[in-house]
Each structure stands twice: as structure tokens, then as C-alpha cells.
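Subject: Structure handover

Hello,

Here is the structure I promised to pass on. Please open it alongside this note.

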Amino acid sequence: MVMANTASTTAVTSLASVTLEVADLEAARRFYSAFGVDPYISLRASEARSTGFRGFTLALTVSGPATVDGFFGAAVDAGATVLKPAAKSLWGYSGVVQAPDGTIWKIATSEKNDTGPDTREIDEVVLLIGVEAVKATRQFYVGRGLTVAKSFGGKYAEFAAGQSSPVKLALYKRRALAKDLGVPVDGTGSHRIVLGSTAGAFTDLDGFSWETVA
């Protein structure tokens, strides 16, 4: 399959922030501090109804298996539920956990062999949202000023990050994402996540809400 690469040096619009909506704000703060990802997200109290798969995951890319195990263990020790134990796969080494607030996190490396220590450093954080139609949603975001960095037809799309953005945005088929995470695809109610936009508020084709940030 031919991969399109249309990145530009500056994105007119970018994902500026990620806010998770949680029922217990103080408990969530304790968890994310212990997990070690609190610099990448904001938290907001919410009682919005949500059941099943919320349609997204936050993925950490790290340097090697020891670092995967370090973050994985920290999450479990802080109260996360194991959805997929950390293990080797075709693409490297990864594991999946679900935070007490319901957010799913994937921790992965492309390295299969454990050749280095646990650095406790994150190379990249990606917000991967599951959508019904990747091409249509990709075009929706392009129409609102986001720049495509990578695109694999109707299967996957990734957008260029802004200069101050701590998290990269990517699209994946909802059913394929649920399968990769090891959860049923069904879900109803709120996504329990709000994205920060540098160019106005809007809601995308799959109901993910964006709000204006300074």
C-alpha cells in the first residue's frame, strides 16, 4: 500500500491539549501522577454517562521493553486494570491497561529485545481515536486546518503536531482499534474526553468535541 506523506512545517490548526473527564477528580490526579503521564493531559470533573468502549486510546511510545514494563507496572500499582499483558508482538513489545477513570492506555516500543534499562522517559504520546470512516474524518479535519503527516488509505491517518502540542492526533477504524486494545467495540454515551483546538470549537463526525484554547 502506498503511504501518503503530506506534512508541512507548520499546521494552521493542531491538537493543543487533551482533557479527560473523570468522576473522581482527586483520585484521577493521584493515579496519573503515579503513572507518570500527568504532564500530557488535563483533568476535569464530569458525571456524563458513558458505557463500554469510549472510542479512543492514549498510546505511549517508549525506547524499549524495560521502559514499557516500568510504565505498565506503575499503572497497575496505582490501580489500573490489565487489558493486555505486556508481551512481544509482530510490531514490537506492548501492553494495554485501563485507568480507574476508564481511559485506556497502550504502552509500546518497536524494540522486541530488552537491551536497555527502564528510562522512565516517554518518546511520544499519541491520541488514537476510533472512527467509522477514516477518509471522511481525515478530510473533515483537513477542512478545519489540520495537516496530514501520514495516511494509509482508509485504515489510518496521522496529523502533524503543533509546536507546543504534547500529544499527536491519529485516526484508526473504531472496530480495529477496539480489537487491538482487547475490548468489545460497543459503547454509548460520552467519550469522556475534550480536545483543545488552536482554531475554534467544533464536534467531529464521530462525536469527539473540541474546544478553543488560548
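This is a predicted model: local features need pLDDT of at least 70, side-chain atom pairs count only at pLDDT 80 or more; totals for chains, interfaces and linings use all residues.

Residues are numbered from 1 along each chain as its sequence is written, and side-chain values use heavy atoms, with hydrogens and water left out.

**Overall**

The protein has four helices and 15 strands. Both are DSSP runs numbered from the N terminus: helices are H or I with at least four residues, strands are E with at least two. The C-alpha trace spans about 40 × 40 × 35 Å along its principal axes. Of the 214 residues, 47% count as buried (under 20% relative accessible area, with exposed over 50% and partly exposed in between; 1.4 Å probe, protein chains only). Take the contacts (heavy atoms within 4.5 Å) with a separation of 6 or more: residues 24 or more positions apart account for 66% of them.

**The sheet**

Five strands form an open sheet with mixed pairing, in the order E2-E1-E13-E15-E14. Strands E2 (42-45) and E14 (202-203) stand at the edges; each has a single partner strand, so one side of each is left without a neighbour in the sheet. Two strands pair if DSSP finds at least two bridges between them. Strands E1 (residues 15-22) and E13 (residues 193-197) run antiparallel and are joined by five bridges. Val18 stands opposite Leu195 in E13.

**Helix H2**

Helix H2 covers residues 65-77. Its 13 residues should span 18 Å at 1.5 Å a residue, and its end C-alpha atoms are 18 Å apart, which agrees. (The expected span is 1.5 Å times one less than the number of residues.) Its buried residues include Val68, Phe71 and Phe72. What covers the buried residues of H2 includes H1, E4 (56-61), E5 (81-89), E6 (92-98) and E7 (104-109). Just after H2, Gly79 takes a positive phi of about 120°.

**Cores**

A nonpolar core is a set of buried Ala, Val, Leu, Ile, Met, Phe, Trp, Tyr and Cys residues joined through side-chain atoms within 4.5 Å. The largest has 44 residues; Leu20, Tyr32 and Trp105 are among those with the most contacts inside it. Apart from it lies another core, of 12 residues, including Ile104 and Leu181. Back in the largest core, what does Leu20 touch beyond its neighbours within four places in sequence? Its contacts there include Tyr32, Leu43, Phe56, Trp105 and Ile193.

Best wishes
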